[in-house]
Amino acid sequence: MTKSQILTEKATAPGQKRRGSLWTWITLLFIVLIVAAMAMAMMQQIEEAPAREAAVRFPSGHILNLEFSTFPNPALPTGTVQLKMALKESGGGRISVEQVSYEWGLDGQAAKDRGVAQKIDGSTFQGGAQFPAVGNWWVKIKVVSRGEAGEVTFKVPVRPAQ
């Protein structure tokens with residue numbers, strides 16, 4: 001029997017525990033659990049995030065895509081929150097928008113206030129809103145294009161300042 005065979009037999013002798021193997025499995029299990037926890041946290045964050053794009057449909061069948069954002073995001077219950085509305089023609093053509101107005105309120109309640117967005121470039125409009133309380137709010141945006149009106153509503157979570 002060679003020296004290497006003797007060493008191999010001693011390392012794997014019956015009744016002797018292989019400690020390195022146990023720690024390897026514990027480490028791998030710990031890594032898998034950490035990755036699973038991170039994935040679950042990310043999925044929950046994605047599910048809770050409100051939609052920020054929607055299609056504004058008009059009675060004639062005309063559709064504009066509207067991308068909505070707030071600054072800061074999430075909105076805060078202090079000061080004025082900037083609302084930005086970027087419109088795109090669903091077919092990629094030139095957009096024609098006469099007016100963008102909006103109203104907002106706390107979930108389950110009537111509109112608190114209204115505003116008219118100002119055009120800041122060819123297809124982007126901007127306005128402001130004040131959300132005086134923490135909670136889930138809504139913003140209904142009304143777009144007038146080609147003499148027709150269409151509207152879409154977005155959820156806006158308002159969180160306390162940290």
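In which helix is the place of Met 38? In this predicted model, Met 38 belongs to helix α2, which covers residues 19-48. With a relative accessibility of 56%, Met 38 counts as exposed, because the limit for that class is over 50%. Met 38 also takes part in a nonpolar patch on the surface, which it forms together with Trp 25, Leu 28, Phe 30, Ile 31, Ile 34 and Val 35, and the accessible area of these residues together is about 760 Å².

The average pLDDT is 82, and 81% of the residues reach a score of at least 70. Among the elements, helix α1 (residues 3-11) has the lowest confidence, with a mean of 52, whereas strand β4 (residues 99-106) has the highest, at 92. Where pLDDT is low, the predicted coordinates should not be read in detail.

Strand β4 contains Ser 101, which is buried because its relative accessible area of 18% falls under the 20% limit. When residues up to four places away in sequence are left out, Ser 101 touches Gly 115, Val 116 and Ala 117, and also Lys 140, Ile 141 and Lys 142.

Aromatic side chains were examined next. Four aromatic pairs are counted in the model. One of them joins Tyr 102 and Trp 104, whose rings are stacked, with 5.7 Å from centre to centre and 25° between the planes. Both partners are buried, since the relative accessibility is 6% for Tyr 102 and 4% for Trp 104.

Side chains of opposite charge can pair when their charged atoms come close. In one of these bridges, the side chains of Lys 88 and Glu 67 meet at 3.8 Å, taken from N to O. Because Lys 88 lies in strand β3 and Glu 67 in strand β2, this pair ties together parts of the chain that are 21 residues apart in sequence. Both residues are partly exposed, Lys 88 with a relative accessible area of 48% and Glu 67 with 37%.

A further salt bridge is formed by Glu 103 and Arg 114, with the closest N and O atoms 3.2 Å apart. This pair links strand β4, which holds Glu 103, to strand β5 (residues 113-116), which holds Arg 114, and the two residues are 11 residues apart.

Since Glu 151 lies in strand β9 and Lys 140 in strand β8, the pair ties together parts that are 11 residues apart in sequence. Glu 151 counts as partly exposed at 46% relative accessibility, and Lys 140 counts as partly exposed at 26%. Lys 140 is also one of the residues that Ser 101 touches.

Two features of the backbone remain to be described. Phe 71 and Pro 72 are joined by a cis peptide bond, for which omega is about 5°, and Pro 72 lies in the loop between β2 (63-71) and β3 (81-89). Arg 146, although not a glycine, has a positive phi, near 55°. Arg 146 is placed in the loop between β8 (135-145) and β9 (148-158), and at 48% relative accessibility Arg 146 counts as partly exposed.

Definitions and conventions. Residues are numbered from 1 along each chain as its sequence is written. This is a predicted model: local features need pLDDT of at least 70, side-chain atom pairs count only at pLDDT 80 or more; totals for chains, interfaces and linings use all residues. Side-chain values use heavy atoms; hydrogens and water are left out. pLDDT is the predictor's confidence in each residue, from 0 to 100. Helices (H or I, at least four residues) and strands (E, at least two) are DSSP runs, numbered from the N terminus. Buried means under 20% relative accessible area, exposed over 50%, partly exposed in between (1.4 Å probe, protein chains only). Contact means heavy atoms within 4.5 Å. Patches are made of residues with over 30% relative accessible area and no salt bridge: like charges are joined within 9 Å, nonpolar side chains (Val, Leu, Ile, Met, Phe, Trp, Tyr) within 5 Å. Accessible areas come from the Shrake-Rupley method with a 1.4 Å probe; for residues, only the protein chains shown count as cover. A salt bridge is a side-chain nitrogen of Lys or Arg within 4 Å of a carboxyl oxygen of Asp or Glu. Rings of Phe, Tyr and Trp (its six-membered ring) pair if their centres lie within 6.5 Å; planes under 30 degrees apart count as stacked, over 60 as edge-to-face and the rest as tilted.
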